Amino acid sequence: MPNIAITIKTEEKIGVLDDITNIISAYDINISYAHLFIEKNDLGSINLELENPGNIGSLIKDILALDSVKSVEKHGALEDIYGKRIIIFGGGAQVSQVAMGAITEADRHNIRGERISIDTIPLVGEDEISEAVEALSRLPRVSALVLAGSLMGGEIAKAVANVKTEHDLIIISLNMPGGITKIADLVVSDPIQAGVMAVMAIADTAIFDIKKLKENKF
């Protein structure tokens with residue numbers, strides 16, 4: 001069975017999550033993703049993605065039997081809805097141009113069955129960008145990172161190297177001064193083209209493999 005997501009609304013009190021995970025564990029189901037927060041009405045919202053759940057109807061019934069649980073809704077997994085994710089960091093003008101190329105190219109592939117989403121955040125400063133890069137390990141579905149700026153190195157390059165070691169992530173950089181171009185998988189001078197190539201690199205509907213390129217700078 002495909003992964004299934006459930007959203008559980010609960011009373012906000014200690015021990016609720018423990019009760020819910022004990023039930024899921026009893027069904028021998030693995031939780032692949034969890035997101036918890038408190039809503040404005042002081043209800044807890046627990047979003048869980050479950051790997052290959054069997055009797056999902058029976059599981060939901062048992063969770064609803066808990067006194068602290070108000071409701072349970074079943075959804076498709078985020079990967080099925082939003083698919084792969086491209087993140088763009090850097091300066092405002094460059095970010096907007098990379099996003100333009102990425103969104104236009106993603107649209108071409110998405111109408112053919114792909115699911116690729118684009119996230120952007122204009123950031124300046126070595127500390128700010130390196131912190132954002134390190135936080136990628138806490139984001140789900142990230143397939144590629146595009147660094148769009150005028151000068152990136154130092155702590156940013158260290159953070160990117162760490163992320164590449166820990167995760168299967170494609171790194172694309174604009175051609176700029178700094179150490180980031182030495183560790184990127186692909187260095188592209190034109191920001192619009194960088195966005196296009198980021199989508200092509202992760203799309204199953206594209207015939208493009210970075211590893212087969214004889215050079216990585218364009």
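Trainee: Which residue stands opposite Ile6 in β4?
Mentor: Lys74 stands opposite Ile6. Strands here are DSSP runs of E with at least two residues, helices are runs of H or I with at least four residues, and both are numbered from the N terminus.

Trainee: What should I know about the model before we go on?
Mentor: This is a predicted model: local features need pLDDT of at least 70, side-chain atom pairs count only at pLDDT 80 or more, and totals for chains, interfaces and linings use all residues. Residues are numbered from 1 along each chain as its sequence is written, and side-chain values use heavy atoms, with hydrogens and water left out.

Trainee: Back to the strands. How many bridges hold β1 and β4?
Mentor: β1 and β4 pair over 7 bridges, in the antiparallel sense. Two strands count as paired if DSSP finds at least two bridges between them.

Trainee: What is the strand order in that sheet?
Mentor: The order is β2-β3-β1-β4. These 4 strands make an open sheet with antiparallel pairing.

Trainee: Which strands stand at the edges?
Mentor: β2 and β4 (69–76). Each has a single partner strand, so one side of each is left without a neighbour in the sheet. Neighbouring strands are turned by 20 degrees against each other on average, direction ignored. Axes for such angles are lines fitted to C-alpha atoms, for helices over the stretch in contact, and angles run from 0 to 180 degrees between N-to-C directions.

Trainee: And β3, what does it pair with?
Mentor: Strand β1 (residues 4–11) pairs with β3 over 8 bridges, antiparallel. Ile4 has Leu50 as its bridge partner in β3. Strand β2 (residues 30–38) is also joined to β3 by 8 bridges, again antiparallel. On that side, Ile31 stands opposite Leu50, and Ile38 stands opposite Gly44.

Trainee: Which residue in the β2 and β3 hairpin takes a positive phi?
Mentor: Asp42, near 65 degrees. That hairpin has 4 residues between the strands.

Trainee: How many residues of β3 are buried?
Mentor: 7 of its 9 residues, so that strand (residues 43–51) is mostly covered. Buried means under 20% relative accessible area, exposed means over 50%, and partly exposed is in between (1.4 Å probe, protein chains only).

Trainee: Take Ser45. Buried or exposed?
Mentor: Ser45, which is in strand β3, is buried because its relative accessible area is 2%. Leaving out residues up to four places away in sequence, Ser45 touches Thr7, Ile8, Lys9, His35, Leu36, Phe37 and Glu39. Contact means heavy atoms within 4.5 Å.

Trainee: What packs on this sheet?
Mentor: Helix α1 (residues 16–26) lies across β1, β2, β3 and β4, at about 25 degrees to β3. Helix α2 (residues 56–64) packs on the sheet too, touching β1, β3 and β4. The direction of α2 makes about 155 degrees with that of β4.

Trainee: Switching to the parallel sheet. What order do its strands take?
Mentor: β6-β5-β7-β8-β9, 5 strands in an open sheet. β6 (116–122) and β9 (186–188) stand at the edges with a single partner strand each, so one side of each lacks a neighbour in the sheet. The twist averages 20 degrees from one strand to the next.

Trainee: How many bridges join β8 to β9?
Mentor: 3 bridges join β8 (residues 170–174) to β9, running parallel. Ser173 stands opposite Val187 there.

Trainee: Which strands does α8 lie across?
Mentor: Helix α8 (residues 191–202) lies across β5 (84–90), β6, β7 (142–148), β8 and β9. α8 runs at about 170 degrees to β8.

Trainee: What about Thr181?
Mentor: Thr181 sits in helix α7 (residues 180–183). Thr181 counts as buried, at 14% relative accessibility. Beyond neighbours within four places in sequence, its contacts are Ser173, Leu174, Asn175, Met176 and Val187. The C-alpha atoms of Thr181 and Met152 are 8.3 Å apart, with the two residues 29 apart along the chain.

Trainee: Last one: how many helices and strands in the protein?
Mentor: 8 helices and 9 strands. Of the 218 residues, 44% count as buried. The C-alpha trace spans about 60 × 40 × 30 Å along its principal axes.
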